[in-house]
Amino acid sequence: MTDRPTASTDTPTPASPTTPTVMSAIVGDRYGGPEVLERRDVPVPNPSATGVLVEVAATSLNALDWHLMTGTPYLVRLMNGLRRPKRTIHGADVAGTVVAVGREVTRHRVGDRVFGETGGGGCSPYLATSEDVLARIPDGVSFDDAAATGVAGLTAIQGLVTHGDVQPGEHVLINGAAGGVGTFAVQIAKALGATVTAVCSTGNVAMVSDLGADEVVDYRTADFTDGGRRFDVMFDGVGSRTPAENVSVLAPGSRYVAVSGPKSNPWLDPMRYVARMAWAAKRNGIRFHQFTASPNHDDLVRLGELLADGSVVPAIDRVITLDGVPEAMAQIGGGHTPAKIVVHPRWVGPASADDPGTAAGEAGSR
Ligand SMILES: NC(=O)c1ccc[n+]([C@@H]2O[C@H](COP(=O)([O-])OP(=O)(O)OC[C@H]3O[C@@H](n4cnc5c(N)ncnc54)[C@H](OP(=O)(O)O)[C@@H]3O)[C@@H](O)[C@H]2O)c1
(Lines give C-alpha, C1' and ligand atoms only; values in the text may rest on other atoms or scores of the structure.)
Protein backbone atom coordinates (compact mmCIF):
# COMPACT_ATOMS: atom_id res chain seq x y z
CA MET A 1 0.00 0.00 0.00
CA THR A 2 1.19 3.49 -0.83
CA ASP A 3 0.41 6.33 1.57
CA ARG A 4 -1.95 8.85 0.05
CA PRO A 5 -1.06 12.54 0.21
CA THR A 6 -3.84 14.76 1.57
CA ALA A 7 -4.97 18.07 0.18
CA SER A 8 -4.36 19.74 3.55
CA THR A 9 -3.02 18.97 7.00
CA ASP A 10 -6.51 17.98 8.19
CA THR A 11 -7.19 14.43 9.21
CA PRO A 12 -7.49 12.58 5.92
CA THR A 13 -10.80 11.15 4.80
CA PRO A 14 -10.33 7.65 3.44
CA ALA A 15 -11.30 7.21 -0.17
CA SER A 16 -13.63 4.35 -0.98
CA PRO A 17 -12.09 0.89 -0.75
CA THR A 18 -12.54 0.49 -4.51
CA THR A 19 -10.39 3.53 -5.26
CA PRO A 20 -6.83 2.56 -6.21
CA THR A 21 -3.94 3.89 -4.17
CA VAL A 22 -1.68 4.58 -7.15
CA MET A 23 -2.47 6.28 -10.45
CA SER A 24 -0.65 7.24 -13.64
CA ALA A 25 -0.43 11.02 -14.08
CA ILE A 26 1.43 13.61 -16.12
CA VAL A 27 3.87 15.22 -13.70
CA GLY A 28 6.13 18.25 -14.11
CA ASP A 29 8.18 18.82 -10.98
CA ARG A 30 10.44 21.56 -12.36
CA TYR A 31 9.80 24.68 -14.43
CA GLY A 32 10.44 24.44 -18.16
CA GLY A 33 8.94 23.55 -21.53
CA PRO A 34 6.88 20.46 -22.33
CA GLU A 35 10.04 18.34 -21.96
CA VAL A 36 9.68 18.59 -18.15
CA LEU A 37 6.44 16.61 -18.33
CA GLU A 38 6.56 12.88 -17.78
CA ARG A 39 4.05 10.14 -17.10
CA ARG A 40 4.63 8.67 -13.70
CA ASP A 41 2.85 6.67 -11.02
CA VAL A 42 1.84 8.84 -8.08
CA PRO A 43 -0.29 8.18 -5.01
CA VAL A 44 -4.02 8.83 -5.25
CA PRO A 45 -4.65 11.69 -2.81
CA ASN A 46 -7.14 11.73 0.05
CA PRO A 47 -9.51 14.67 0.39
CA SER A 48 -9.18 17.03 3.35
CA ALA A 49 -12.08 17.53 5.81
CA THR A 50 -13.52 20.26 3.56
CA GLY A 51 -12.50 18.61 0.31
CA VAL A 52 -13.69 15.98 -2.11
CA LEU A 53 -11.97 13.28 -4.16
CA VAL A 54 -13.03 13.41 -7.80
CA GLU A 55 -12.62 10.60 -10.29
CA VAL A 56 -11.63 12.72 -13.27
CA ALA A 57 -13.49 11.99 -16.51
CA ALA A 58 -11.95 14.91 -18.38
CA THR A 59 -9.81 17.98 -17.95
CA SER A 60 -8.87 20.65 -20.47
CA LEU A 61 -5.73 22.64 -21.07
CA ASN A 62 -5.40 26.41 -20.82
CA ALA A 63 -2.76 29.06 -21.33
CA LEU A 64 -2.77 29.06 -17.52
CA ASP A 65 -1.28 25.55 -17.53
CA TRP A 66 1.51 26.78 -19.82
CA HIS A 67 2.31 29.61 -17.41
CA LEU A 68 2.33 27.26 -14.41
CA MET A 69 4.51 24.74 -16.28
CA THR A 70 7.10 27.28 -17.45
CA GLY A 71 6.93 29.52 -14.38
CA THR A 72 6.51 32.55 -16.65
CA PRO A 73 5.77 35.41 -16.30
CA TYR A 74 7.97 35.19 -13.21
CA LEU A 75 5.17 36.67 -11.13
CA VAL A 76 3.64 33.18 -11.37
CA ARG A 77 6.47 31.83 -9.19
CA LEU A 78 5.50 34.05 -6.27
CA MET A 79 2.34 31.97 -5.97
CA ASN A 80 3.46 28.62 -7.36
CA GLY A 81 6.95 28.28 -5.86
CA LEU A 82 10.09 30.29 -6.56
CA ARG A 83 12.43 27.45 -7.58
CA ARG A 84 10.08 24.53 -8.14
CA PRO A 85 6.36 24.36 -8.85
CA LYS A 86 4.16 23.56 -5.88
CA ARG A 87 1.58 22.14 -8.26
CA THR A 88 3.23 19.39 -10.24
CA ILE A 89 0.19 17.94 -12.02
CA HIS A 90 -1.34 20.30 -14.60
CA GLY A 91 -4.92 20.54 -15.77
CA ALA A 92 -6.67 23.34 -13.88
CA ASP A 93 -10.07 22.30 -15.21
CA VAL A 94 -11.89 19.24 -14.01
CA ALA A 95 -15.08 17.31 -14.72
CA GLY A 96 -15.80 14.03 -13.05
CA THR A 97 -17.59 12.14 -10.30
CA VAL A 98 -17.20 12.62 -6.56
CA VAL A 99 -15.96 9.35 -5.03
CA ALA A 100 -15.18 10.50 -1.47
CA VAL A 101 -16.04 13.55 0.65
CA GLY A 102 -14.43 15.09 3.73
CA ARG A 103 -16.48 15.07 6.94
CA GLU A 104 -17.21 18.82 6.76
CA VAL A 105 -18.33 18.83 3.14
CA THR A 106 -21.89 20.10 2.75
CA ARG A 107 -22.34 20.84 -0.94
CA HIS A 108 -21.39 17.58 -2.63
CA ARG A 109 -22.05 13.88 -2.16
CA VAL A 110 -20.46 10.72 -3.45
CA GLY A 111 -21.80 10.11 -6.94
CA ASP A 112 -22.29 13.79 -7.86
CA ARG A 113 -21.14 14.80 -11.33
CA VAL A 114 -19.11 17.98 -10.81
CA PHE A 115 -16.98 20.47 -12.72
CA GLY A 116 -14.86 23.45 -11.86
CA GLU A 117 -11.49 25.08 -11.69
CA THR A 118 -9.03 23.56 -9.25
CA GLY A 119 -5.78 25.26 -10.23
CA GLY A 120 -4.21 21.94 -11.25
CA GLY A 121 -4.35 18.19 -10.88
CA GLY A 122 -6.70 17.39 -13.76
CA CYS A 123 -4.09 15.46 -15.76
CA SER A 124 -4.53 12.50 -13.44
CA PRO A 125 -7.34 10.02 -12.84
CA TYR A 126 -8.12 11.28 -9.32
CA LEU A 127 -8.00 14.76 -7.88
CA ALA A 128 -8.51 15.98 -4.28
CA THR A 129 -9.81 19.53 -4.11
CA SER A 130 -11.91 21.95 -2.10
CA GLU A 131 -15.66 21.61 -2.53
CA ASP A 132 -15.90 25.37 -3.08
CA VAL A 133 -14.28 25.31 -6.51
CA LEU A 134 -16.78 22.82 -7.92
CA ALA A 135 -20.42 22.87 -8.99
CA ARG A 136 -22.85 20.19 -10.12
CA ILE A 137 -22.89 19.37 -13.83
CA PRO A 138 -26.48 19.82 -15.01
CA ASP A 139 -28.23 16.80 -16.50
CA GLY A 140 -27.58 16.46 -20.22
CA VAL A 141 -24.24 18.26 -20.11
CA SER A 142 -21.28 16.03 -20.99
CA PHE A 143 -18.08 15.68 -18.98
CA ASP A 144 -16.13 16.95 -21.99
CA ASP A 145 -18.18 20.13 -22.28
CA ALA A 146 -18.01 20.71 -18.53
CA ALA A 147 -14.24 20.12 -18.50
CA ALA A 148 -13.75 22.62 -21.31
CA THR A 149 -15.61 25.28 -19.37
CA GLY A 150 -13.70 25.84 -16.09
CA VAL A 151 -10.97 28.47 -16.49
CA ALA A 152 -12.06 29.74 -19.92
CA GLY A 153 -15.74 29.99 -19.06
CA LEU A 154 -15.09 31.65 -15.70
CA THR A 155 -12.73 34.16 -17.30
CA ALA A 156 -15.26 35.02 -19.99
CA ILE A 157 -18.25 35.34 -17.67
CA GLN A 158 -16.38 37.32 -15.03
CA GLY A 159 -14.85 39.58 -17.68
CA LEU A 160 -18.16 40.29 -19.42
CA VAL A 161 -20.59 40.27 -16.48
CA THR A 162 -18.72 41.07 -13.26
CA HIS A 163 -16.27 43.56 -14.76
CA GLY A 164 -17.59 44.50 -18.21
CA ASP A 165 -21.22 44.85 -17.03
CA VAL A 166 -22.38 44.03 -20.57
CA GLN A 167 -26.02 45.02 -21.17
CA PRO A 168 -28.46 43.85 -23.85
CA GLY A 169 -28.05 45.79 -27.06
CA GLU A 170 -24.49 46.89 -26.34
CA HIS A 171 -21.74 46.38 -28.91
CA VAL A 172 -18.89 44.22 -27.63
CA LEU A 173 -15.50 43.76 -29.31
CA ILE A 174 -13.73 40.50 -28.48
CA ASN A 175 -10.04 40.42 -29.36
CA GLY A 176 -8.67 36.87 -29.33
CA ALA A 177 -12.06 35.33 -30.15
CA ALA A 178 -10.66 32.00 -31.39
CA GLY A 179 -8.93 30.99 -28.15
CA GLY A 180 -10.27 29.03 -25.21
CA VAL A 181 -11.42 32.17 -23.41
CA GLY A 182 -12.50 33.94 -26.60
CA THR A 183 -14.80 31.17 -27.82
CA PHE A 184 -16.67 31.35 -24.50
CA ALA A 185 -16.67 35.16 -24.54
CA VAL A 186 -18.32 35.31 -27.97
CA GLN A 187 -21.13 33.00 -26.88
CA ILE A 188 -21.65 34.53 -23.44
CA ALA A 189 -21.76 38.06 -24.89
CA LYS A 190 -24.43 36.86 -27.34
CA ALA A 191 -26.35 35.21 -24.50
CA LEU A 192 -26.30 38.57 -22.69
CA GLY A 193 -27.98 40.15 -25.71
CA ALA A 194 -24.97 42.03 -27.04
CA THR A 195 -23.93 42.57 -30.64
CA VAL A 196 -20.52 40.95 -31.04
CA THR A 197 -17.59 41.86 -33.24
CA ALA A 198 -14.94 39.14 -32.94
CA VAL A 199 -11.28 39.31 -33.96
CA CYS A 200 -9.28 36.24 -35.02
CA SER A 201 -6.98 34.95 -37.77
CA THR A 202 -8.05 33.71 -41.19
CA GLY A 203 -8.18 30.01 -40.36
CA ASN A 204 -10.57 30.56 -37.45
CA VAL A 205 -13.06 32.94 -39.08
CA ALA A 206 -15.58 30.20 -39.91
CA MET A 207 -15.42 28.68 -36.41
CA VAL A 208 -15.90 32.03 -34.69
CA SER A 209 -18.73 32.95 -37.04
CA ASP A 210 -20.44 29.63 -36.20
CA LEU A 211 -20.25 30.54 -32.51
CA GLY A 212 -22.66 33.38 -33.24
CA ALA A 213 -20.48 36.46 -33.72
CA ASP A 214 -22.35 39.14 -35.68
CA GLU A 215 -19.17 40.24 -37.40
CA VAL A 216 -15.77 38.57 -37.59
CA VAL A 217 -12.66 40.65 -38.33
CA ASP A 218 -9.75 38.64 -39.75
CA TYR A 219 -6.81 40.50 -38.27
CA ARG A 220 -4.51 39.24 -41.01
CA THR A 221 -6.46 41.09 -43.71
CA ALA A 222 -8.38 43.80 -41.84
CA ASP A 223 -7.99 46.17 -38.91
CA PHE A 224 -10.72 46.64 -36.31
CA THR A 225 -9.47 50.14 -35.57
CA ASP A 226 -10.32 51.23 -39.15
CA GLY A 227 -13.67 52.79 -39.95
CA GLY A 228 -14.17 54.93 -36.85
CA ARG A 229 -16.32 52.39 -35.00
CA ARG A 230 -16.83 52.71 -31.26
CA PHE A 231 -17.67 49.81 -28.94
CA ASP A 232 -19.32 49.81 -25.53
CA VAL A 233 -17.01 47.07 -24.22
CA MET A 234 -13.67 45.73 -25.44
CA PHE A 235 -12.82 42.30 -24.03
CA ASP A 236 -9.13 41.86 -24.77
CA GLY A 237 -7.74 38.33 -24.54
CA VAL A 238 -4.51 39.15 -26.37
CA GLY A 239 -3.18 42.69 -25.86
CA SER A 240 -2.07 42.75 -29.49
CA ARG A 241 -2.70 46.45 -30.09
CA THR A 242 -1.25 49.58 -28.56
CA PRO A 243 -3.20 51.33 -25.81
CA ALA A 244 -3.77 54.27 -28.21
CA GLU A 245 -5.30 51.90 -30.78
CA ASN A 246 -7.53 50.31 -28.15
CA VAL A 247 -8.89 53.60 -26.84
CA SER A 248 -9.54 54.74 -30.42
CA VAL A 249 -12.40 52.22 -30.66
CA LEU A 250 -13.88 53.01 -27.24
CA ALA A 251 -16.22 55.90 -26.48
CA PRO A 252 -15.97 57.81 -23.17
CA GLY A 253 -17.84 55.82 -20.51
CA SER A 254 -17.17 52.51 -22.24
CA ARG A 255 -15.29 49.61 -20.63
CA TYR A 256 -11.99 47.95 -21.48
CA VAL A 257 -11.55 44.51 -19.87
CA ALA A 258 -7.97 43.20 -19.85
CA VAL A 259 -7.64 39.45 -19.66
CA SER A 260 -4.15 39.23 -21.10
CA GLY A 261 -1.27 41.22 -22.56
CA PRO A 262 2.03 40.76 -24.39
CA LYS A 263 4.43 38.40 -22.61
CA SER A 264 7.78 38.84 -24.33
CA ASN A 265 9.52 40.00 -21.13
CA PRO A 266 9.01 37.45 -18.32
CA TRP A 267 9.96 39.99 -15.65
CA LEU A 268 7.75 42.90 -16.69
CA ASP A 269 4.97 41.49 -18.84
CA PRO A 270 2.09 41.69 -19.05
CA MET A 271 2.00 44.25 -16.22
CA ARG A 272 3.75 47.04 -18.12
CA TYR A 273 1.15 46.78 -20.92
CA VAL A 274 -1.66 46.66 -18.37
CA ALA A 275 -0.27 49.75 -16.63
CA ARG A 276 0.02 51.68 -19.92
CA MET A 277 -3.47 50.60 -20.90
CA ALA A 278 -4.90 51.65 -17.52
CA TRP A 279 -3.34 55.08 -17.89
CA ALA A 280 -4.61 55.51 -21.48
CA ALA A 281 -8.11 54.47 -20.39
CA LYS A 282 -8.13 56.92 -17.48
CA ARG A 283 -7.08 59.81 -19.73
CA ASN A 284 -9.89 59.00 -22.17
CA GLY A 285 -12.75 58.48 -19.70
CA ILE A 286 -12.85 54.72 -20.24
CA ARG A 287 -13.44 52.32 -17.36
CA PHE A 288 -10.50 49.95 -17.07
CA HIS A 289 -10.76 46.46 -15.60
CA GLN A 290 -8.00 43.92 -15.16
CA PHE A 291 -8.63 40.81 -13.12
CA THR A 292 -7.65 37.23 -12.43
CA ALA A 293 -10.54 34.82 -12.78
CA SER A 294 -11.52 32.94 -9.65
CA PRO A 295 -13.46 29.68 -9.23
CA ASN A 296 -16.57 31.34 -7.86
CA HIS A 297 -19.34 28.78 -7.19
CA ASP A 298 -22.17 31.07 -8.34
CA ASP A 299 -20.43 31.72 -11.66
CA LEU A 300 -19.91 27.98 -12.16
CA VAL A 301 -23.62 27.43 -11.56
CA ARG A 302 -24.45 30.16 -14.08
CA LEU A 303 -22.09 28.59 -16.61
CA GLY A 304 -23.73 25.22 -16.01
CA GLU A 305 -27.11 26.79 -16.81
CA LEU A 306 -25.76 28.28 -20.04
CA LEU A 307 -24.40 24.85 -21.01
CA ALA A 308 -27.67 23.15 -20.12
CA ASP A 309 -29.90 25.51 -22.09
CA GLY A 310 -27.58 25.42 -25.10
CA SER A 311 -26.66 29.13 -25.01
CA VAL A 312 -23.04 28.04 -24.75
CA VAL A 313 -21.65 25.01 -26.56
CA PRO A 314 -17.93 24.72 -25.80
CA ALA A 315 -15.80 24.75 -28.93
CA ILE A 316 -13.59 21.68 -28.55
CA ASP A 317 -10.79 21.33 -31.08
CA ARG A 318 -9.92 17.77 -30.06
CA VAL A 319 -9.91 15.20 -27.26
CA ILE A 320 -6.56 13.65 -26.37
CA THR A 321 -5.03 11.18 -23.92
CA LEU A 322 -2.42 11.91 -21.27
CA ASP A 323 0.27 10.94 -23.77
CA GLY A 324 -0.75 13.88 -25.96
CA VAL A 325 -0.39 16.49 -23.20
CA PRO A 326 3.24 17.56 -23.87
CA GLU A 327 2.54 18.18 -27.56
CA ALA A 328 -0.69 20.03 -26.74
CA MET A 329 1.14 22.18 -24.19
CA ALA A 330 3.72 23.09 -26.85
CA GLN A 331 0.89 24.18 -29.13
CA ILE A 332 -0.65 26.30 -26.38
CA GLY A 333 2.72 27.95 -25.80
CA GLY A 334 2.67 29.03 -29.44
CA GLY A 335 -0.33 31.26 -28.74
CA HIS A 336 -2.55 30.12 -31.61
CA THR A 337 -4.47 27.14 -30.27
CA PRO A 338 -7.99 27.21 -31.64
CA ALA A 339 -10.71 26.66 -29.02
CA LYS A 340 -10.20 23.99 -26.35
CA ILE A 341 -8.18 20.79 -26.02
CA VAL A 342 -9.86 18.26 -23.74
CA VAL A 343 -7.87 15.49 -22.03
CA HIS A 344 -9.17 12.11 -20.87
CA PRO A 345 -6.79 11.16 -18.06
CA ARG A 346 -7.96 7.66 -17.27
CA TRP A 347 -6.39 5.95 -20.23
CA VAL A 348 -3.17 6.19 -22.17
CA GLY A 349 -2.70 5.08 -25.73
CA PRO A 350 -4.96 4.77 -28.75
CA ALA A 351 -8.71 5.13 -28.39
CA SER A 352 -10.50 1.84 -27.87
CA ALA A 353 -14.04 0.63 -27.26
CA ASP A 354 -13.39 -0.03 -23.59
CA ASP A 355 -11.70 3.32 -22.98
CA PRO A 356 -12.96 4.26 -19.50
CA GLY A 357 -12.66 7.96 -20.26
CA THR A 358 -15.15 7.58 -23.07
CA ALA A 359 -17.41 5.45 -20.94
CA ALA A 360 -17.46 8.15 -18.29
CA GLY A 361 -18.17 10.77 -20.94
CA GLU A 362 -21.23 8.89 -22.13
CA ALA A 363 -23.14 10.15 -19.11
CA GLY A 364 -23.53 13.41 -20.93
CA SER A 365 -23.11 12.10 -24.48
CA ARG A 366 -21.29 14.68 -26.51
N1 LIG B 1 -6.86 37.08 -16.35
C2 LIG B 1 -7.22 35.82 -16.21
O3 LIG B 1 -7.76 35.41 -15.19
C4 LIG B 1 -6.98 34.87 -17.33
C5 LIG B 1 -7.65 33.65 -17.36
C6 LIG B 1 -7.46 32.80 -18.46
C7 LIG B 1 -6.60 33.20 -19.47
N8 LIG B 1 -5.91 34.36 -19.37
C9 LIG B 1 -5.04 34.79 -20.45
O10 LIG B 1 -5.83 35.07 -21.57
C11 LIG B 1 -5.15 34.72 -22.74
C12 LIG B 1 -6.03 33.79 -23.58
O13 LIG B 1 -6.13 32.56 -22.88
P14 LIG B 1 -6.65 31.28 -23.64
O15 LIG B 1 -6.64 30.17 -22.67
O16 LIG B 1 -7.88 31.60 -24.38
O17 LIG B 1 -5.46 31.08 -24.69
P18 LIG B 1 -5.45 30.23 -26.02
O19 LIG B 1 -6.56 29.23 -25.96
O20 LIG B 1 -4.06 29.80 -26.21
O21 LIG B 1 -5.88 31.25 -27.16
C22 LIG B 1 -5.09 32.26 -27.60
C23 LIG B 1 -5.78 32.81 -28.85
O24 LIG B 1 -5.24 34.11 -29.12
C25 LIG B 1 -5.47 34.34 -30.48
N26 LIG B 1 -4.55 35.36 -30.98
C27 LIG B 1 -3.19 35.29 -31.03
N28 LIG B 1 -2.71 36.43 -31.58
C29 LIG B 1 -3.79 37.21 -31.86
C30 LIG B 1 -3.95 38.50 -32.42
N31 LIG B 1 -2.89 39.23 -32.80
N32 LIG B 1 -5.18 39.01 -32.54
C33 LIG B 1 -6.28 38.31 -32.18
N34 LIG B 1 -6.21 37.05 -31.66
C35 LIG B 1 -4.96 36.52 -31.49
C36 LIG B 1 -5.25 33.01 -31.18
O37 LIG B 1 -6.15 32.92 -32.25
P38 LIG B 1 -5.61 33.02 -33.78
O39 LIG B 1 -4.87 31.75 -34.02
O40 LIG B 1 -6.86 33.17 -34.57
O41 LIG B 1 -4.69 34.19 -33.83
C42 LIG B 1 -5.56 31.97 -30.09
O43 LIG B 1 -6.68 31.20 -30.39
C44 LIG B 1 -3.83 34.09 -22.31
O45 LIG B 1 -2.82 35.08 -22.40
C46 LIG B 1 -4.07 33.71 -20.88
O47 LIG B 1 -2.88 33.73 -20.13
C48 LIG B 1 -6.11 35.20 -18.34
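Helix axes are lines fitted to C-alpha atoms over the stretch in contact, and angles between them run from 0 to 180 degrees between N-to-C directions. Helices (H or I, at least four residues) and strands (E, at least two) are DSSP runs, numbered from the N terminus.

This is a predicted model, in which local features need pLDDT of at least 70 and side-chain atom pairs count only at pLDDT 80 or more, while totals for chains, interfaces and linings use all residues. Residues are numbered from 1 along each chain as its sequence is written.

## Overall make-up

The protein has 10 helices and 15 strands. Of its 366 residues, 52% are buried. A residue is buried if 20 or more other C-beta atoms lie within 10 Å of its own, exposed if 12 or fewer, and partly exposed in between, with C-beta atoms placed from the backbone. Two residues are in contact if their C-beta atoms, placed from the backbone, lie within 7 Å. Among contacts with a separation of 6 or more, 70% join residues 24 or more positions apart.

## Helices α3 and α8

Helix α3 (residues 143–163) packs against helix α8 (residues 297–308) at an angle of about 115 degrees, and their axes are 10 Å apart. The crossing of α3 past α8 is right-handed; a crossing is left-handed if the near helix is turned anticlockwise from the far one by less than a right angle, and right-handed if clockwise. On the α3 side the contact is made by Asp145, Ala146, Thr149, Gly153, Leu154, Ile157 and Gln158, and on the α8 side by Asp299, Arg302, Leu303 and Leu307. By class, this contact of α3 with α8 has 5 nonpolar, 3 polar and 3 charged residues. Ala, Val, Leu, Ile, Met, Phe, Trp, Tyr, Cys and Pro count as nonpolar, Asp, Glu, Lys and Arg as charged, and the others, Gly among them, as polar.

## Around the ligand

The ligand is surrounded by 31 residues, of which the closest are Gly179, Ser201, Ser240, Ser260 and His336. A residue is near a molecule if its C-beta atom, placed from the backbone, lies within 6 Å of it. Two or more residues of this shell come from each of α1 (63–70), α3, α4 (180–191) and β9 (195–200). The shell divides into 15 nonpolar and 16 polar residues, with no charged ones. At least three shell residues come from each of domain 1 (22–136 + 315–361) and domain 2 (155–290), with bounds taken from an automatic or database domain assignment.

## Helix α1 and what follows

Helix α1 is largely enclosed by the rest of the structure, because 7 of its 8 residues are buried. These are Ala63, Leu64, Asp65, Trp66, Leu68, Met69 and Thr70. Their cover includes β3 (51–61), α2 (75–80), α3 and α9 (325–333). Glycine 71 follows α1 and has a positive phi, near 70 degrees. In the loop between α1 and α2 lies proline 73. The peptide bond from threonine 72 to proline 73 is cis, with omega near -15 degrees.

## Other loop residues

Most residues other than glycine have a negative phi, and most peptide bonds are trans. Aspartate 165, in the loop between α3 and β8 (171–175), has a positive phi near 50 degrees. This aspartate 165 counts as partly exposed because it has 15 C-beta neighbours inside 10 Å. Alanine 339 also has a positive phi, about 55 degrees, and lies in the loop between α9 and β15 (340–344). Alanine 339 counts as buried, with 23 C-beta neighbours inside 10 Å.

## Residues paired across the sequence

Alanine 128 is in strand β6 (residues 126–130) and is buried, with 25 C-beta neighbours inside 10 Å. Leucine 211 sits in the loop between α5 (205–210) and β10 (215–218); with 24 such neighbours, leucine 211 is buried. Valine 319 belongs to strand β14 (residues 316–321) and is buried, with 21 other C-beta atoms within 10 Å.

| Pair | Apart in sequence | C-alpha to C-alpha |
|---|---|---|
| Alanine 128 and proline 45 | 83 residues | 6.0 Å |
| Leucine 211 and proline 314 | 103 residues | 9.2 Å |
| Valine 319 and valine 343 | 24 residues | 5.6 Å |

Beyond residues up to four places away in sequence, leucine 211 touches Thr183, Val186, Gln187 and Ala315. Valine 319, leaving aside neighbours within four places, is in contact with Asp144, Val342 and His344.
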